[in-house]
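Hello,

Here is the structure for your review.

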Amino acid sequence: MVKYFLGQSVLRSSWDQVFAAFWQRYPNPYSKHVLTEDIVHREVTPDQKLLSRRLLTKTNRMPRWAERLFPANVAHSVYVLEDSIVDPQNQTMTTFTWNINHARLMVVEERCVYCVNSDNSGWTEIRREAWVSSSLFGEAPSKTLVETAKEAKEKAKETALAATEKAKDLASKAATKQQQQQQQFV
Amino acid sequence: MNSVGEACTDMKHQYDQCFSRWFAEKFLNGDSSGTRCIQKAIKEKEIPIEELEFMSHGKEKPENSS
């Protein structure tokens, strides 16, 4: 089950200001839920693009019904990776962000493209796409579920076989004992 | 902004400051003069540095080095 979102917005600042501010984004008054920020990889490609990978930890804020349903997830922060490509020659920046834990509960992926606003070259526009997916509430069972069902079936078969063998063994032992007792009486 | 490793935060701030300067003053202006200067010197001295694989010098390594 995947939900898709698409949106567009405009920042009334020039592309170079926006791209520079992107690296000074945290902390800010609207990001109290972001606990840590680290650049874990950075490189400049031969064609002068800047690749970066930023690791963020964010508080895991769930509504109370979700906390009751998924108590194991409550205590753990969310680790989020943000990969980005800054292309100063084309004046664009592309980012891709997703959570790398709590993934069995839900995965949110967001892709943003920042470029010069078509109407006003002093402004920057953002095209934003997001995909929200969860393997919990889908129609098709996830691979894990199918595998688990298979394993359970195999296990049940083995248990049944072992029980049958044990029963046979006990029966033959009982038969032997009966024979011995009968012989004794003869 | 803190680092995920508490002991790293100060170092991270130093890196961030240096990076922000380089990013705004050099990178965004297409100023790769730093790298270009070095590349130019390497070319002038004809140092055969291009197309060399990372962590390998290309030749097959025998199991036991003689």
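The contact (heavy atoms within 4.5 Å) takes 23 residues from chain A and 14 residues from chain B. This is a predicted model: local features need pLDDT of at least 70, side-chain atom pairs count only at pLDDT 80 or more, and totals for chains, interfaces and linings use all residues. Side-chain values use heavy atoms, with hydrogens and water left out; residues are numbered from 1 along each chain as its sequence is written, and chains are lettered from A and ligands numbered from 1 in the order in which they are written.

Chain B and chain A bury about 1,500 Å² between them. That is accessible area (1.4 Å probe) lost by two parts on being put together, summed over both. Carbon and sulfur atoms give 70% of the area. On the chain B side, Met1(B), Phe27(B) and Leu28(B) lose the most area to chain A, together 41% of what that side buries.

The count between the chains is one salt bridge (a side-chain nitrogen of Lys or Arg within 4 Å of a carboxyl oxygen of Asp or Glu). Lys12(B) pairs with Glu37(A), and their closest N and O atoms are 2.9 Å apart.

Now the cysteines. The structure holds zero disulfides over all chains (cysteine sulfur atoms within 2.5 Å). Cys112(A) has its closest cysteine sulfur in Cys115(A), 11 Å away, so that is too far for a bond. Cys112(A) is also buried, at 3% relative accessible area. Cys37(B) is in no disulfide either; the nearest cysteine sulfur, in Cys18(B), is 18 Å away. Cys37(B) counts as exposed, at 53%. Buried means under 20% relative accessible area, exposed over 50%, and partly exposed in between (1.4 Å probe, protein chains only).

Best regards
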